[in-house]
Structure formats: C-alpha cells, structure tokens
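Visitor: I would like to learn how to read a two-chain model, one feature at a time. Could you take me through it slowly?

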Amino acid sequence: MKKVLLLLSVFLLIGCMDDDIISPIDDIVEVPESLEIADIQGLKVESTIVSDEVRMNIKLPYTGTYRVKIRDISKNLISQEKLDAKEGDNILKVYVSSLENNGYTLELTDDNHDIIGIASIVVNN
Amino acid sequence: MKKILLLFVSVLCTLNVFGQTDAKLDYSAVNTVTKVGDTLEVKFQYFKAKDANGADIDASLYQFDFQYNSKLLNKISSTWQPTSTSAQKALNSWNGYKYNPDSNKDLDDYDGQYAYWLGSSTSYSTNSDWSVERVTYQDVTALGEGAEIIKYKFIIKDKANSNYSNYTNLLNANWVNLTKSDNTQIGVTKGTSSFNLSLSNIQGGDAGNVSLSVSSNVITDNIGDGSDFSYTIYAKGDTQTSITSGNFDASGDATVTGLENDVEYDVYISIDSEKEYLDNAVTVSDLALVFAEAIGGGSSPNGISTTFDYYLQSILSNVVGTSIPDGGDISFDDSYEMLAHLQGVTSTNTTFISKTGEVYNVSGVKSTFGDEVNGIATVSPTFKPTDNDKSFQFAHAIVGDVNFSHGFEPTSTNADIPASQQANSSVARMSMAAGSKFSQTSEEANLDLTSELKDGQVIFTIGSEVQEMVGAQFNIVYDRTRLVLDDVIFDTGNTMTNFSNHIEENGKINIGSFDQNFEATVKTGTPYKLIFVPIVELQNTSGLITFKVNEGVKADGTQIKFIME
C-alpha cells in the first residue's frame, strides 16, 4: 500500500510541475540536413531556385530582433521583414509568389542593419 | 622515427590541400561567323574540380553570370543542354548593366568574384552597352566532366551603329557559384578556350539594312528593356497603310529592311501597354509638377508664364480637355484628374493618363525631341535613308509622365523653356527649385518599411523621419494568395490629402499623400500602416509584401527617390 501511495505521489508531483521543466524538447528545433549551418550564425535557404515559397534557416548568436531583407539586382531594398527570433536555429519561410521571376539577394541583419548572412535566390514562379 | 613519420604525414596533408584543382567554366564559339546578321552560337561548358588524388569533386548547384555587348550582339535564344529530369533551371536577364569586378582578384578567379559580388552593393552598375545573363542549374545528379550546360545564340549587329570599332569585346563570364551538396563552395577558374571569334573581317551592314534605335528611361533605368517597344513605318504623311512594323531588341535597336534610299518615311513608336510597370509611371512627383503649373503658370500654352522646364511637359501634363496645339492649357482640371487617378477614382471625363492597359505614346527623332516651334513642343516622326545615312535615333515618352521617369528627357536646347519665360514672379515658381524636372538625384532617407507578424495579423509599417515632404507615394505589392488587406491607417497630419488605390485582383495598393498648396508636410513617425489578415497559417512574413515605388516630393518641388538601408 505504501508503494502504491508513493507511486501516486510521484505522479501527482510530476503533474504539478511546470510544463517547461518537463518538456525542454519544445525549444529544440529540428534542423533538416539541407538547412544545417556549421557556423554559430548565418543564413541558408533550402534551394537557390524558388517557386512559391522556400524554407530558410536563420541561425542567430542571440535572442532578439532581426531583419530579413530582399534586394534586387542593383541591391535596392524591395522587401523587409522585422522579426523576433531566438538564439540558434530558426526555421522560417520566404514567400516569393508576389515577386517577379528574377534573381535576388536575401540578407539577414540585426536590428541595426549589420549583416549576419547573405544568400542568392532565383525566383521561378 | 616518430618525428619523421609525423613530418611525413604533415607534408602529405599539406600536399593534399594544395593538390586540389579548381573546377572550370569554359565558354567558346560553336560556329564561325563572318558578317553582320550571322548567328553566333556560344556554349558554356563545365569541367570538374579534382581533389589531390585526382578524384572528382561533384557539385549540385551551378550558377554563373556572364555579360555580353548588346551593341554588337542581339541575343535571340538559349537552350539548356543537360537532359536530367530532376534538375531545376532558371535564367535571368538584365539589360543595361555591366559588372565591376573586384580589382584585387583575377578576373578568372570566378569563385572569388562571386564572393565579392555577394557582399558588394556596387558590383553592377548601369551601362547601356552591356547586358547580364544569370544561369542557375541545380540537380542532385552531378554534371559530368566537360558537360555543356547551356548554349546561347546571338545575331551579330552592325558595329557601324555603335561606338565600337571592332568585335573583340563581346562577351565574358563575371562570376561562378559552384556548390557541393553540403553547401560548401568549390573553386572555379576560366576554362582553356580562348574566346577568339576571328571577327576582324566582319563588314558593315548591307545597303538595305536601316537601323533604328529608341531611347527611354524605361531602357536606361532597366525598368523594362528595348524589346518592350515596337515600331510602325508609313510613307511620309500617311498614317493608314503601314509599310512595315516590328519590335526593337533588348537594347532598343532594330534593323529594318525593305526601305528605299532617298525616300522619306514616318515612324511611330509604341510601348507594350500591358507592361505592369506602366502603373508606376504617373506618381505623386508628376502630380506635384502639374499642380505647380496649374497654380503658378498655365495661363498660356506657349511657355509664357510656366513652371515647366521643357515645352514637352505641357503636352505630357495635358491629361484632360482641349489639346495644347488646339489652344488648351494646363489647369486645375488636369491636376485634379491626376489626383483622382492616384486615388483610384474613375473619371467621367475622357482622360489621357497612361497606365497598364492604356498608354498614350509620344515619339520622334531624338535630336529634336520636344523642340519648340511657334511656342509649342513638337516631335518629328520623319527619317530618310540615304547611301551615307542608314542609322536613325528616336525617343519615346508617355502622356501623364511629366517628369520623364518612364520616358526620354529632351536633350535638345530648343526643347528647353528659357528662364526668362518661366513664371519667376509667381508664388509657385519661386517655391520650385530650378530643375524641378525628373532628377536622377536620390537621397538617403531615414525611412523604414517593414512587415511583421503581430497578434495573428501582418502589419506593414512605413516609418519616416523625412522632414519637409509635401508629397509621398508608395506602391505596394502583396501576396494575395496568403493575405487579405484589412485596413489602411494614415497618420500624416491634419491637412494632407491622403490617397490609397487598392487593386485587389492584382494584389496592389498605392498609398500616399499630397498637399496641393505646397505648405503642409507629411508627419514624421509612422505616417502609413497597412494591416493584413493572413488566410493561411504563417510563421513569418518574408517576401509577402514588396515595394515598387517609394518616392517623395519636397516643398521646393524636387523629387526624393528614397534609398533604404
């Protein structure tokens, strides 16, 4: 009987614990091989030739606010996202349906516009 | 003995690294050409990199830029050579650009030049003589040794119509991005073929070949290219039965046959009215010019008491009512029609404002484009081929585009309105800067256009710290397969006239503000905010919203073309 009570107490204790403590797995991002970045920071897209959308990995040194910029042949800024992202790998997407078929440069910067990573994409919708 | 072995292994490792050989991109002529009009075929070949043991280093991404002299070559086609069904392929073209290589690296150090291009903002500059092609090939199956990637065909153009005296500077590769499947770069150099086409004996065109060219900022500023323009030729004075017609090539040149020497012809040049960029031709900068004219000049169509710099601007801004040659002038009717156009209001009047699907063309001989005759701008369509003169240059503009952003700004001194005839005494002219016409001058502006995913909505904000802006316009394109526009919020100040023209079926929205009295200025902070509701699940917003036109007008009438960090 004591054993049963002990077992029940253990279950009760586990049930009352904060989810974050018992499930740290939530913070682990599964990075596909095609998006792995060896360096501590950088930007990588799953495919250079893109139609509709493509996955990208932005690997960051710190949690904070960052920018993903798209530039044309003359490096003019034509699109910019501002986002809060966490340290390490962040698997996100680039949507290209509204972009004309052309070659573009994808740029990851911090909020002060300092470049962290660059990639070339070719839109082929 | 251990030390000797260690040394031996170290040397072996060092040799291993330095024993690698780079991959090669080779380009060469497939056939022999001897005269103008011949078709030149050029093939691009790939040779694998080798490791120190001579084993192949395979790639999965093959990407390179090359440039060709568009004054001497007219690109007509390209053909992929690999037959792999799993390959992804893409071709891009930019007319009017030339590569500025990294001078610290060899021109043949293609991977080094690629690294430079990737990080440089000045590696490509506009140059009307050159065009750039980008070739991208991606496949899980590696290309074999010596594989031909692509072949291009070009027509040899007549050097007599160019500033080149020979054909030695025709084509070269700029950079190569060769990547292994693990995303590491492979070194690439130039192949062994020399691009010697033996074209020294090429002669000028046949007597029957007449060359036409068209000039426009559409070509110069790479908004579109020369192939967007077409020509129709008539006997002089006839506009009913055309003799011949055709299209210009990408650099704005055309060769016409079937014409006779010493006969006068009229040519009319049109732009393809379906081009989407025509929706960006008439903007708040044009509106400012027309309002200023309506306020301070415009009492006469002949340039007396005007705020314009060119006589032709009267023709281009007369978008409603009686035409200038018939006694019309520029009034508030024109400026308010243009404002209504920017607001997306359909006018009950017959208007002549160029936009996608509806273009009003103006074309004529370039050297006299917009010349004043009896106080009114003129354009001449007439040319006459002779034995000694078979090359003719024309210019093109469109009605409504008063600042020539999508047209040719006159260069003839007879097209300028003398300062003495400008409305210096008027309030409007005094407030307008000299040369308030279209200017290439751009201004680094403290402007921040960003999209963000917030509380399940996509928020697009335009943050501005730009002072003294009496007008501003932003043409936005959004992904209508993923977003629905929910709201537009203006915070521009109490007295500004705001406009938003939402073309839902195309996923476009043009927003902006203008003070027709040139007094109130757009408030700094966040003057414009667009709120979108996602119709699919989104993780982030990259690429969902793009901006095509970002421009402002200062109180002195000068245009600000924003450059953002």
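This is a predicted model: local features need pLDDT of at least 70, side-chain atom pairs count only at pLDDT 80 or more; totals for chains, interfaces and linings use all residues.

Guide: Residues are numbered from 1 along each chain as its sequence is written, and chains are lettered from A and ligands numbered from 1 in the order in which they are written.

Visitor: How many residues of chain A are in contact with chain B?

Guide: Two residues are in contact if their C-beta atoms, placed from the backbone, lie within 7 Å. By that rule, 31 residues of chain A are in contact with 37 residues of chain B. On the chain A side, β4 (64-71), β5 (77-85), β6 (88-95) and β8 (115-123) each supply at least two residues, and the largest share, seven residues, comes from β5(A). Strands here are DSSP runs of E, at least two residues long, and helices are runs of H or I, at least four long, numbered from the N terminus. The touching side of chain A divides into 14 nonpolar, 12 polar and five charged residues, where Ala, Val, Leu, Ile, Met, Phe, Trp, Tyr, Cys and Pro count as nonpolar, Asp, Glu, Lys and Arg as charged, and the others, Gly among them, as polar.

Visitor: What does chain B contain, and what percentage of its residues is buried?

Guide: A residue is buried if 20 or more other C-beta atoms lie within 10 Å of its own, exposed if 12 or fewer, and partly exposed in between, with C-beta atoms placed from the backbone. Chain B has seven helices and 31 strands, and buried residues make up 45% of its 565 residues. Among its contacts between residues at least 6 apart in sequence, 78% join residues at least 24 apart.

Visitor: Which way do the residues of strand β15 of chain B point?

Guide: In β15 (residues 253-256), Asp253(B) and Thr255(B) point one way and Ala254(B) and Val256(B) the other way, and all are buried. Two strands pair if DSSP finds at least two bridges between them; β15(B) pairs with β12 (residues 210-215) of chain B in the antiparallel sense over four bridges, and Ser213(B) stands opposite Asp253(B).

Visitor: What span should helix α6 of chain B have?

Guide: The expected span is 1.5 Å times one less than the number of residues, so the 12 residues of α6 (residues 332-343) should span 16 Å, which agrees with the 16 Å between its end C-alpha atoms. Its buried residues are Asp334(B), Ser335(B), Glu337(B), Met338(B), His341(B) and Leu342(B). Seen down the axis of α6(B), they fall within an arc of 160°, so they line one face of the helix; the arc is that of the directions from the helix axis to the C-beta atoms. Just after α6(B), Gly344(B) takes a positive phi of about 80°.
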